[in-house]
Amino acid sequence: SDDGKLSFDEFKAYFADGVLSGEELHELFHTIDTHNTDNLDTEELCEYFSQHLGEYENVLSVLEDLNITILKAMDKTKKDYQEASNLEQFVTRFLLKETLNQLQSLQASLECAMETTEEQTRQERQGPAKPEVLSVQWPGKRSARRLQRTNSLSPSNPQFNIGWTEEDSQWMTQINRLQKLIDRLEKKDLKLEPFEEEVLEENARSHIMIVQRQMSVVEEEIEEFRLALKQYVESASAQRGCLHVSIQKLPNDSRFIIYEFWENSSVWNSHLQMNYSKTFQRSNVDFLETPELITTMLVP
């Protein structure tokens, strides 16, 4: 409540991790409350956690330096980019993208470590104590909900449906075949042995570009995201070269999956440069929890 201290309810809302029970959280709260005021101030929190930093003291110190360094680099980029040559701008864009990739890789490793330790603790604590449910998401923390795979993408799926017609059935058949192929590819013991060759005719149609876009949406922004997504789909579907666009909203999850079918990669690349596509990308900065995941595949 911005009063400079945490009540137990505020403490529980932020620190509950889905593992500690309510009683354990209450005991921890009073352990930190060395002033015995039934409220935690900044001094008490710092004193408690500083005693348990261990190796993470160096980690947090380096992260603080990294944050300052990146902000300085961003400030210089903002000042110098417009006046730089084309080559210098290209190098700057590459360095920004590479920095982002490195940070995302580090974040993925940390999230994996968090999930592993939480799962291990839950398995060890399979007892009568009931864990306290986390009620506030930490910034950048991956949602505990898991992506649930559906067996079939049906045009009658009530979860999310835009512009389905009977003519889409042949595309749904192809999508389901691709889904089964992805399921097979995810099996570690899979052995690929080619058993048939297909000889393409001289005037064979160019490869179709299939794009899968996964987007984890902030729960509070889902309705606004739906409106932006609907406008994007309507504009994309009207483009020459767009064969089909379908959307799936996963149950019990704030994740959307968009499947786009384009005549070829050139049409897809041109689509990305259109104003409606750029507008949708800019709006996603506010709507998405994490950067969207795009997967493309060329199919004869």
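This is a predicted model: local features need pLDDT of at least 70, side-chain atom pairs count only at pLDDT 80 or more; totals for chains, interfaces and linings use all residues.
User: Why does Leu178 count as buried?
Analyst: Buried means under 20% relative accessible area, exposed over 50%, and partly exposed in between (1.4 Å probe, protein chains only). Leu178 has 18% relative accessibility, so it counts as buried. Leu178 belongs to helix α6, residues 169-185. Over the protein of 300 residues, 25% count as buried.

User: How do you know how many helices and strands the protein has?
Analyst: They are DSSP runs numbered from the N terminus: helices are H or I of at least four residues, strands E of at least two. On that basis the protein has nine helices and six strands.

User: Why is the span of helix α5 said to agree with its number of residues?
Analyst: The expected span is 1.5 Å times one less than the number of residues. Helix α5, residues 86-124, has 39 residues and should therefore span 57 Å; its end C-alpha atoms are 57 Å apart, which agrees. Gln89, Glu111 and Glu118 of α5 are buried. UniProt, in an unreviewed entry, lists residues 96-123 as "coiled-coil region". UniProt positions are given in the numbering used here, feature names are shortened, and annotations may be inferred rather than shown by experiment. In the model, residues 96-123 are 100% helix and 0% strand, with end C-alpha atoms 41 Å apart.

User: What makes the largest nonpolar core a core, and which of its residues touch the most other members?
Analyst: A nonpolar core is a set of buried Ala, Val, Leu, Ile, Met, Phe, Trp, Tyr and Cys residues joined through side-chain atoms within 4.5 Å. The largest one holds 23 residues, and those touching the most other members are Phe225, Leu229, Tyr232, Ile247, Phe256, Trp262 and Phe280. At least two residues each come from β3 (208-216), α7 (222-237), β4 (242-249), β5 (255-262), α8 (265-272) and α9 (275-287). The largest share, seven residues, is from α7. Another core, of eight residues, lies apart from it and includes Phe8, Leu25, Ile32 and Leu40.

User: How do you know at what angle α1 and α2 pack?
Analyst: Axes are lines fitted to C-alpha atoms, for helices over the stretch in contact, and angles run from 0 to 180 degrees between N-to-C directions. For α1 (residues 8-15) and α2 (residues 22-32) the angle is about 115 degrees, with the axes 10 Å apart. Phe8, Phe11, Lys12 and Phe15 of α1 make the contact with Gly22, Leu25, His26, Leu28, Phe29 and Ile32 of α2.

User: Why is Asp38 called partly exposed?
Analyst: Asp38 has a relative accessible area of 48%, so it is partly exposed. Asp38 is also in the loop between α2 and β2, and its phi is near 60 degrees, again positive.

Methods: Residues are numbered from 1 along each chain as its sequence is written. Side-chain values use heavy atoms; hydrogens and water are left out. Contact means heavy atoms within 4.5 Å.
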